[in-house]
Amino acid sequence: MLETLLPILIFTALALAAIGAVRRIRLWRQGRPSPVNFFKGLAAVPRRYLVDLHHVVGRDKMISNTHVATAGGFVAAAVLMILVHGLGLASPILGGLLLLASTSMFIGSLFVARRRINPPARLSKGPWMRLPKSLMAFSLGVFLITLPTVGLLPEGLLEGSGSWLLALVLAGVVAWGLGEMFFGMTWGGPMKHAFAGALHLAFHRRAERFSTKNGGVGRSTGLKALDLEDEAAPLGVEKPADFTWNQLLGFDACVQCGRCEAVCPAFAAGQPLNPKKLIQDMVVGMAGGSDAAYAGSPYPGKPVGEHAGSPHGPIVALQGKALVDADTLWSCTTCRACVEECPMMIEHVDAIVDMRRHLTLERGKTPNKGAEVLDNLIATDNPGGFDPGSRLNWAADLDLPLMADIKQVDVLLWLGDGAFDMRNQRTLRALIKVLKAAEVDFAVLGNEERDSGDVARRLGDEATFQSLAKRNIATLSKYQFLQIVTCDPHSFHVLGNEYGELGGPDVNANYKVRHHSTFIAELFEAGRLSFAPWKGGSVTYHDPCYLGRYNGEFEAPRNVLKALGIEVKEMERSGFRSRCCGGGGGAPITDIPGKQRIPDMRMNDVKETGAELVAVGCPQCTAMLEGVVDASAEVRDIAELVADALVERPAADAPDASRRPAANATAEEVTV
């Protein structure tokens with residue numbers, strides 16, 4: 001009986017899965033075109049899955065091992081089952097391999113079941129609670145029907161007239177497993193991520209994120225530019241179909257593990273954002289329907305069942321039901337903690353900014369002080385609306401050299417909009433003191449410098465961003481220099497990662513952009529700085545999102561602190577898992593209320609270390625953390641700590657001026 005039933009069950013499940021796959025692909029293809037290298041992408045899937053995806057999954061060893069056993073066992077068992085029981089290619093070798101694969105899958109499913117006994121709050125429940133049983137049904141059913149193939153059970157045991165009931169039970173177990181593993185994979189069951197996830201890895205919108213030639217994981221964090229010259233192209237995303245087709249594919253790959261939810265600062269603060277729920281709402285919109293079936297944590301303060309949409313309906317409605325409320329989008333700090341933790345490599349921040357672009361550019365609906373800031377940027381080239389000619393007033397006594405006078409220099413010091421902030425002016429003065437002590441050949445643009453455009457871009461005003469960026473690019477192209485150094489990670493990121501796409505010079509090819517902590521660390525290593533021993537109290541370090549997660553710089557600031565004689569007391573959430581200060585993405589401007597403030601949570605992290613001082617490397621972080629009432633620790637920028645510790649170097653240690661690099665040397669020839 002089983003010899004007849006099994007091929008029918010297997011090929012019926014495969015046929016239904018194929019129909020579901022076509023249906024699923026049609027849903028994705030509702031999105032806008034996005035060119036991909038089809039065959040190269042498919043060929044890259046094994047490496048992207050085994051290396052890049054597991055680079056993230058492997059942060060939790062138990063889950064990583066469970067995934068290897070379960071997923072690896074399933075893939076092998078599925079292929080071997082089709083050969084042995086579908087096509088009748090039975091042999092002891094193939095049968096033995098099938099037993100091993102199904103055993104591996106069954107062991108993995110036991111760990112999945114254990115995790116679902118008392119699941120953490122971040123895990124979605126509902127249909128996901130049946131997944132362990134389905135995994136067990138498939139693996140156990142395949143194991144039992146294969147035993148006769150390898151001679152561990154008599155061949156005719158399940159074929160006799162009295163064994164029909166047992167055969168039907170086994171067929172039913174196998175059908176259950178096949179239904180979840182094959183049919184559900186393409187029709188929207190808990191295993192949907194296996195199908196969509198594999199194709200997402202193949203056709204990812206940011207293929208450069210994956211393994212590089214040296215075996216490391218690539219880093220691609222710059223936002224994609226809008227083509228403002230194309231009148232047919234939408235200005236941002238109004239409806240799900242405005243996303244590119246591979247963005248929709250990426251949303252559909254979500255496994256609802258909730259890692260993004262667990263690290264989201266806005267969610268933790270009780271603001272109406274949950275990145276996992278946001279992605280699921282995009283899936284609902286892609287297919288059409290409501291979020292009533294969603295079985296995970298809702299947006300704080302917003303019950304499940306109140307949102308609905310369709311592929312060609314608005315994501316954020318002016319009135320009535322919609323997929324997402326505007327406050328959800330404006331709660332995001334663009335810290336990329338969600339993207340960093342996502343095992344499926346979904347780009348949450350790209351999607352949020354795309355939707356913000358529509359609200360800002362098409363509807364003019366930037367909340368709270370957003371519109372005022374954008375108007376200031378247009379009128380005065382800075383978000384505070386200050387007189388552009390006053391950018392250097394704070395430095396009147398420093399006699400700073402100007403690029404307009406010098407024309408070429410080793411280092412261009414980018415001041416950023418901290419030049420208009422009294423608190424950050426202290427940081428800038430400290431940095432200038434350090435550069436002079438190291439005898440660095442530097443200059444500033446002065447009144448020629450404009451806002452980098454970071455705030456405008458994150459608030460969705462791509463037009464203002466591109467206007468600022470192109471004018472800055474034109475200014476930079478007039479002068480010769482080897483490096484840009486800035487104490488602002490946001491300017492550092494935009495100049496280094498987002499200007500090159502706008503038709504100007506490729507900044508990464510023409511000069512390097514450095515954060516001041518990296519530059520100071522190199523100056524110290526080159527013997528151009530000397531410090532007095534640290535005599536202060538205990539210190540912790542806060543990793544700025546736009547320096548760490550966006551640009552991978554974690555060690556240089558710590559190396560500077562180590563050079564000062566400071567032993568850093570690390571916070572529980574540090575490095576790539578650092579908690580955001582709440583200052584990015586225009587969040588202080590849009591100011592969406594929650595149950596608590598993000599910087600308050602971060603200062604609680606500081607308090608837990610017992611540190612008396614928190615070192616930072618970002619003017620936004622300084623402002624946010626210093627704004628915490630009753631803070632337990634002083635906030636100081638790394639440049640300030642270095643400037644305070646400077647001592648005069650012995651004459652023999654001073655760099656030979658004749659050996660300093662010329663301004664027209666290549667970046668590779670420079671050693672600081």
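**Strand pairing, aromatic pairs and buried residues**

Val616 has Asp637 of β9 as its bridge partner in this predicted model.

Aromatic side chains were examined next. A pair of aromatic rings is described by the distance of the centres and the angle of the planes. Over the whole structure, the search returns 13 aromatic pairs, among them an edge-to-face pair formed by Phe74 and Phe138, for which the centre-to-centre distance is 5.5 Å and the angle between the planes is 65 degrees. Because Phe74 is located in helix α3 (residues 61-86) and Phe138 in helix α5 (residues 131-146), the pair ties together parts that are 64 residues apart in sequence. Both Phe74 and Phe138 are buried.

A stacked arrangement is found for Phe386 and Phe420, whose rings lie 5.2 Å apart, centre to centre, with 10 degrees between the planes. Here the partners come from loops: Phe386 lies in the one between α15 (370-380) and α16 (403-406), and Phe420 in the one between β3 (408-414) and α17 (422-437), so this pair ties together parts that are 34 residues apart in sequence. With a relative accessible area of 39%, Phe386 is partly exposed, whereas Phe420, at 12%, is buried.

Ring pairs also link Phe38, Phe39, Phe203 and Trp245 into a cluster. Within this cluster, Trp245 additionally carries the charged end of Arg29 over its ring, at 5.1 Å from the ring centre. A further placement of this kind involves Lys277, which lies over the face of Tyr294 at 5.4 Å from the ring centre.

When residues up to four places away in sequence are not counted, Ser102 touches Ala77, Ser139, Val142 and Phe143. The C-alpha atom of Ser102 is separated by 8.8 Å from that of Gly141, although the two residues are 39 residues apart along the chain.

Asp281 is found in helix α11 (residues 275-287) and is likewise buried, with a relative accessible area of 1%. Its contacts, once neighbours within four places in sequence are left aside, are made with Asp291, Tyr299, Leu323 and Val324.

Technical notes:
Residues numbered from 1 in each chain as written. Predicted model: local features only at pLDDT ≥ 70, side-chain atom pairs only at ≥ 80, totals over all residues. Heavy atoms only, no water. Phe/Tyr/Trp six-rings, centres within 6.5 Å; stacked < 30°, edge-to-face > 60°. Helix = DSSP H or I, 4+ residues; strand = E, 2+ residues; numbered from the N terminus. Buried < 20%, exposed > 50% of the residue type's maximum accessible area, 1.4 Å probe, protein only. Lys NZ or Arg CZ within 6 Å of the ring centre and 35° of its normal. Contact = heavy atoms within 4.5 Å. Pairing = 2+ DSSP bridges.
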